[in-house]
Amino acid sequence: MSTLLHNLSEGHYKLKHLATEEVEIAIAVADWNSHITHKLLEGALEVLHQSGIKEKQIKIVHVPGAFELTYAAAAFLQTEVYYDAVIILGCVIRGDTSHYDHICDGVTYGITSLNRNASSPVIFGLITTENEQQALDRAGGALGNKGAEAAITALKMIDTSCEIHN
């Protein structure tokens, strides 16, 4: 196994361009593989709270599986509430059929398509692994917490969006 050179899940991020009390974050989390995805959610929430974002500034919805994450992200972008970032969290573990490839491709293309035209960044927090242990390693295990990394990415992209639009 290669040495981990950098892990975003170690720490938090302080916004540069907005006061934390002005920020609204949406999170869509898949309940398929919930023993993993809920750990991703915990990691994301921990980072957001450490960064000064309050619970009332975070809207969380649960969807059945990874494929439904694109729908939830699109719905967040169309609500009356302006979300500064939308985070999707899910886990797909390879099985014996091509279902894995179809789900991973569908979510990847869906989120990419949303980001092309979105007023806010949609953060890709879908882990795709060969086996359950790899997923556990990325949900608070040996390789950090990819949910925490998604939250840090969201905060950095909020700053990037402010830089672009100002």
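Let me start with a term: a residue is partly exposed when its relative accessible area lies between the buried range, under 20%, and the exposed range, over 50%. Glu130 is partly exposed because its relative accessible area is 43%. Please keep in mind, everyone, that this is a predicted model.

Let's stay with Glu130 for a moment, and look at its partner. The side chains of Glu130 and Arg94 meet in a salt bridge, 2.9 Å from N to O. This pair links distant parts of the chain, 36 residues apart. Arg94 is in the loop between β3 (85-93) and α3 (99-117), while Glu130 is in the loop between β4 (122-129) and α4 (132-137).

With Asp101, Arg94 forms a salt bridge whose closest N and O atoms are 3.6 Å apart. Put together, Arg94, Asp101 and Glu130 are linked in a network of salt bridges.

How many salt bridges does the count come to? Three. The one still to show you joins Lys146 and Glu149, with the closest N and O atoms 3.2 Å apart. In general, side chains of opposite charge can pair when their charged atoms come close. Glu149 has its place in helix α5, residues 146-165. Lys146 and Glu149 are three residues apart in α5, so about one helical turn separates them. The side chains of these two are also joined by a polar contact of 3.2 Å.

Is Glu149 buried or exposed? Its relative accessibility is 14%, and therefore Glu149 counts as buried. Lys146, on the other hand, is partly exposed, with a relative accessible area of 23%.

Now to the nonpolar side of things. In soluble globular proteins, nonpolar side chains tend to be buried together. Here, the largest nonpolar core has 30 residues. Which of them have the most contacts inside the core? They are Ile25, Ile27, Leu48, Ile87, Leu89, Leu155 and Ile158. The elements giving two or more residues to this core are β1 (25-30), α1 (34-50), β3, β4 and α5.

Leaving out residues up to four places away in sequence, Ile25 touches Leu48, Gln57, Ile58, Lys59, Tyr83, Ala85, Ile87 and Ile158. There is also a second, separate core of 22 residues, with Ala26, Ala28, Val92 and Leu114 among them.

The rings of Phe76 and Tyr83 have their centres 5.3 Å apart and their planes at 70°, so the pair is edge-to-face. Both Phe76 and Tyr83 are buried.

One last stop, and then I'll take your questions. Have a look at Asn33, in the loop between β1 and α1. Asn33 is not a glycine, yet it has a positive phi of about 60°. And where does Asn33 fall, buried or exposed? Its relative accessibility is 19%, so Asn33 counts as buried; the cut-off is under 20%.

Conventions
Residues are numbered from 1 along each chain as its sequence is written. This is a predicted model: local features need pLDDT of at least 70, side-chain atom pairs count only at pLDDT 80 or more; totals for chains, interfaces and linings use all residues. Side-chain values use heavy atoms; hydrogens and water are left out. Helices (H or I, at least four residues) and strands (E, at least two) are DSSP runs, numbered from the N terminus. A polar contact is a pair of N or O atoms within 3.5 Å; within protein, one must be able to donate a hydrogen and the other to accept it, and residues adjacent in sequence count only if both atoms are side-chain atoms. Rings of Phe, Tyr and Trp (its six-membered ring) pair if their centres lie within 6.5 Å; planes under 30 degrees apart count as stacked, over 60 as edge-to-face and the rest as tilted. Buried means under 20% relative accessible area, exposed over 50%, partly exposed in between (1.4 Å probe, protein chains only). A salt bridge is a side-chain nitrogen of Lys or Arg within 4 Å of a carboxyl oxygen of Asp or Glu. A nonpolar core is a set of buried Ala, Val, Leu, Ile, Met, Phe, Trp, Tyr and Cys residues joined through side-chain atoms within 4.5 Å. Contact means heavy atoms within 4.5 Å.
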